[in-house]
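These are my notes from going through a structure piece by piece. I wrote each entry after looking up one part.

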Amino acid sequence: MIPAEFDYVAPTSLDEALSALREGGEDAKILAGGHSLLPLMKLRLAAPTLLVDLAGVPGLTGIERDDGGWRIGAMTPHIAMERETDLGLASVVARTIADPQVRHRGTIGGSLAHGDPASDQLAILLAYEGSVVIRGESGEREVPAAELFHDYLTTAVADGEVLTEVRLPALEGYAHGYEKFNRRQEDWAMVAVGALVKKGADGSCEDVRVGLTHMSSVPLRATAVEEALRGRPLDAGSIAAAAEHAADGTEPPADLNASADYKRHLARVLCRRALETAAAA
Amino acid sequence: MTAVEQPATQKWVGQGLRRKEDPRMITGRGRYVDDMTLPGMLYMAVVRSPEAHAKIVSIDTAGALALQGVHAVIVGEDLELASGVPMAWVPPGVEVKTPEHWPLAKGEVKYVGQGVAVVVGDDKYAVVDAAEQVLVEYDPLPVVVDPEKALAAGSPLVHEEFGTNLTHEWSIGGGDMDAAWSEADVVVERRIVNHRTAGAPIEPRVCIADYRAGQLDLHLTSQNPHLIRLFMAGELGMSEDSIRVIAPDVGGGFGVKISHYPEEILATWASKATGRPVKWTETRSEHMSSTIHGRDQIDYVKVGAKRDGTITGLECTAIADLGAFYTLLTPFIPCFTGFVISGCYKIPNLNFVAKGVFTNKMATDATRGAGRPEATHLIEVMIEQLAHELEMDPLELRRKNFIAKEDFPAEVAIGIVYDSGDYHGSLDKLLTHVDLDAFRREQAELRERGVYRGIGFSTWMEICGLAPSRAVGPTGVGLQAGFFESSLVRVHATGSATVYSGTAPHGQGLDTSFAQIVADRLGITPDQVDVMHGDTGTGPWGLGTYGSRSLAVGGESIARSTAKVVEKAKQIAAHQLEAAPEDIELADGKFAVKGSPEKGLTLAEIAGAAYVTMDMPEGMEPGLEETTFYDPENFVFPFGAHACIVDVDAETGKIDIVRYVCVDDCGPAINPKLIDGQIHGGITHAIGQVLYERVHYDDDGQLVTGTFVDYALPSAADVPSFETDRTETPSPVNSLGVKGVGEAGTIAASPAILNSVIDALRPLGVEFLNMPLSPQHVWSQIQLAAGRDVPADPGKQGGSWDEHGSGSAGSGPTSPSEGGGL
């Protein structure tokens, strides 16, 4: 429970932070809320030599609505998203993260940049078809969610870069459902399914997006479910038939509490329930 | 029993006062061992084995010693101790194979987390870095993790010198088992698993050893500092008077702080070697690997009954996984299951056999309930299994076999005499809170809609108030100590009081309940009573806090010392008021002649006289304090009735506790708020075991649950709001009438929860389940009952957790010989 020795800097601007990261090299790590990094350091599973704390960098927190979308500062804590209920699904999901202490400290940017497939908001960003803004010393780029998650704990955020902002489309007219399965309230998701459903004028499914949490080394879209439901009536039969595809092509990591097959089963059950909730909204 | 006079009025006893301890605790002004820094203090870190079983080929300490600030690296061969880590059970007539247990491994490691070396240095961070530089080369040996495989021929041996992994066999029984089975119309057999759990108090273990000029001060997170002093004296060849053990505020124990651990010996050795105080603070991961675990018992149970429900006999063989070494009570704990094997019932024929087994794991020892939760679990699960076989209402079956209220004191077939009880009464009261007919109607309606709701019960009793010496001590079951409790009640010259107790409370709130007892008897307020404990440098020798003993033994001792003080106070008052002592009574805070309250003396006036020595009876010693060493005649026997209602999500296996209702009886309440607190915490412990917690080793003996991410301790968000009620049946054993309550909730609750889940799932064909009820496990059992294949459950590696085919069929092999192995 005692980390290896490390240096700590608290820059007061993004440029300062970027130069500190460059000087720190590949063993420098960004400290956001610290709720993933610090436990890993205390268990000595991670031993960065330098922590660059973003807490003092201005302009990285806050949730703003502009022309049809949301801009969320990377250092915005989960609790702020929980309270911004107009975010819809992303707000509902934020409320399920761990416990109040974690939600007050943990940040959306830290969670996405860390890339843990058991974390809640990763698959949600995929389902929204949102994006993130990444700053490096050479400039800024916007990376769509579909290109952000490369592998377990590996994202498009390179060494020396900072994820600064999260962008979500407003998704007017979409209803949502979220089903998270874990043993304890505070646990990471064993499996979670987030569904966004747009009902057409005739009551059929005009559009549907389904995000899967912890069904692979990266978050996933359940594209087979989406294809099976899009354009179909939003009745129990269609939903159940579509949800049967929830685990198609997935390679869920087994752990102490769940085998891969059990997780696939859970994904199908939770997908059906999430779609039912969204369809009934 | 000596008659102890009761106070004429009870002003404070019975009130749900807030805890005296809380203001300092909740404002951060408690003082725990880790809060202390002594001048010149060094820090210690332990190098632990990553291997479950291996020869130590070499230990290279040079790299660690070369680091700045490192003062010493100590390995097993460096220690010269008169004896190792103690185990205190010598059962008459039973041989217990007892391995040498040194504070650091010598030549071989036998479980993951065993200490191999310690590093001592200036800074608590630097010693952890230095510990990583101690290079140990291991040569792995075969590992055995499953206790039933460990008993099979050809198993790897944990201790080669014994030629077997069987540590001992101990039995208790009564009646005639052949008669039990020949008289039975129905016999039910089950293999009931009570898996390994951790105590996991919020404060891990910490010690500071300060050895100066032949004198040792040891600050320690302990439930029994006096015993630790005794052991330390033996190991170090010191006399007891030169050792002082201090347990200041202790942040919970749940039994794991009873034992004497290697680290307090090592810190002392390091302090002696360096001439500086040495502190060691356990990390949570160390706590999971190297502090004792609890339970870990596989019970092969057989119960027989006549067609009308009359139980003819019960037999249990317990396979107890003891781990690789013993701590203080390790091999004794399963025996406690045997003491309670009759439960609340008249069972004429009983037999209980405990078989201890060495495995390559951390030792098991006492955690909350220590053997008794295992007993209640197996009895109360079997009662409901039997009721189903008999097609009888499980509550009717219980009522038919309960020991009747008028039969107390009641001797059960194993020879233990239950002091008091009213088992029908507590069940009746429980059913005033739970409308069973309404529940069954609701259950049927919900099933129509695919909602699986169930109800389960536990009517429990237990044996606690650890004492009496004649039953528990060397000539009884063989624990090598007396089991009395001491107290000293000192009234100061100004009329307030300090109480020294030999108990060592660590979160129970006993400072408050003890003060309530004393305040009523002396005519003062609880605020005027300070309670001291946990320091061998003050007050008389004491036995500590465990086994739900502190109130029933320690509290009674305090009541007796207080009565002696009152006796002396009355003599002083009588002298001053020119009356006979027997005519003096305490009323409204004054010692006065009966019928003349206006001329009474306060305790402050009497104490003033006793210390200033004015106007005292001729020849009376000055001062106003008394000591008692109280050794009761019998244990005490709390009991109660619990009901749990759950919903099971049949599609996923997840369980939701809808209601938890209980009626408990621990005699007259000293402080009902504290009782509720203990019951809430106790049930939560059981919910943790049934639904969430399991100390899990894989097949290679690696500890998989080394953090709270994997060891699923429930939080407040995971438990229901408890509905508690009480009955009050006084124990005849002590003058307060009290029985222990610290372990009651844990002892009671697990079968109620398990039975409720089985009740919920019976329509799906599930007739029996073993803990822990993880979602995948429950879901798998539902699939099996429906005749479907299920994927392998990764949670089942490394131990005998399976239902052995009894999940869907409700039967299955149930003797260790037939059912052994996976």
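**Entry 1: a strand in chain A.** I began with strand β2 (residues 28–31) of chain A and found both of its faces covered. A:Ala28 and A:Ile30 lie on one side, A:Lys29 and A:Leu31 on the other, and all are buried. I kept in mind that this is a predicted model.

Next I asked which strand pairs with β2(A) in the parallel sense. I found strand β3 (residues 50–53) of chain A, joined to β2(A) over four bridges. In β3(A), A:Leu50 is the bridge partner of A:Ala28.

**Entry 2: a sheet in chain B.** I looked up an open sheet of three strands in chain B, with the order β4-β2-β6 and antiparallel pairing. β4 (108–109) and β6 (135–140) of chain B each have a single partner strand, so they stand at the edges, with one side of each left without a neighbour in the sheet. I followed strand β2 (residues 54–60) of chain B to β6(B) and noted six bridges between them. B:Pro140 in β6(B) stands opposite B:Ala54.

**Entry 3: two helices in chain B.** I asked at what angle helix α10 (residues 372–390) and helix α11 (residues 394–401) of chain B pack. The angle is about 110°, and the axes are 9 Å apart. I therefore wrote down α10(B) as roughly perpendicular to α11(B). On the α10(B) side I listed B:Ile383, B:Glu384, B:Leu386, B:Ala387 and B:Leu390, which meet B:Pro394, B:Leu397 and B:Arg398 in α11(B). Sorted by class, this contact has six nonpolar residues, two charged and no polar ones.

**Entry 4: one residue in chain B.** I picked B:Asp437, which is in helix α13 (residues 436–448) of chain B. Is B:Asp437 buried or exposed? It counts as exposed because it has 8 C-beta neighbours inside 10 Å, and a residue with 12 or fewer is called exposed. I also looked up B:Lys124, 313 residues from B:Asp437 along the chain; their C-alpha atoms are separated by 62 Å.

**Entry 5: where the chains meet.** I noted that 18 residues from chain A and 27 residues from chain B take part in the contact. On the side of chain A that touches chain B, helix α10 (residues 260–280) of chain A gives the most, with four residues. That side has 10 nonpolar, three polar and five charged residues.

Definitions and conventions:
Residues are numbered from 1 along each chain as its sequence is written. Chains are lettered from A and ligands numbered from 1 in the order in which they are written. This is a predicted model: local features need pLDDT of at least 70, side-chain atom pairs count only at pLDDT 80 or more; totals for chains, interfaces and linings use all residues. Two residues are in contact if their C-beta atoms, placed from the backbone, lie within 7 Å. Ala, Val, Leu, Ile, Met, Phe, Trp, Tyr, Cys and Pro count as nonpolar, Asp, Glu, Lys and Arg as charged, and the others, Gly among them, as polar. Two strands pair if DSSP finds at least two bridges between them. A residue is buried if 20 or more other C-beta atoms lie within 10 Å of its own, exposed if 12 or fewer, and partly exposed in between; C-beta atoms are placed from the backbone. Axes are lines fitted to C-alpha atoms, for helices over the stretch in contact, and angles run from 0 to 180 degrees between N-to-C directions. Angles under 35 degrees count as roughly parallel, over 145 as roughly antiparallel, 65 to 115 as roughly perpendicular and the rest as oblique.
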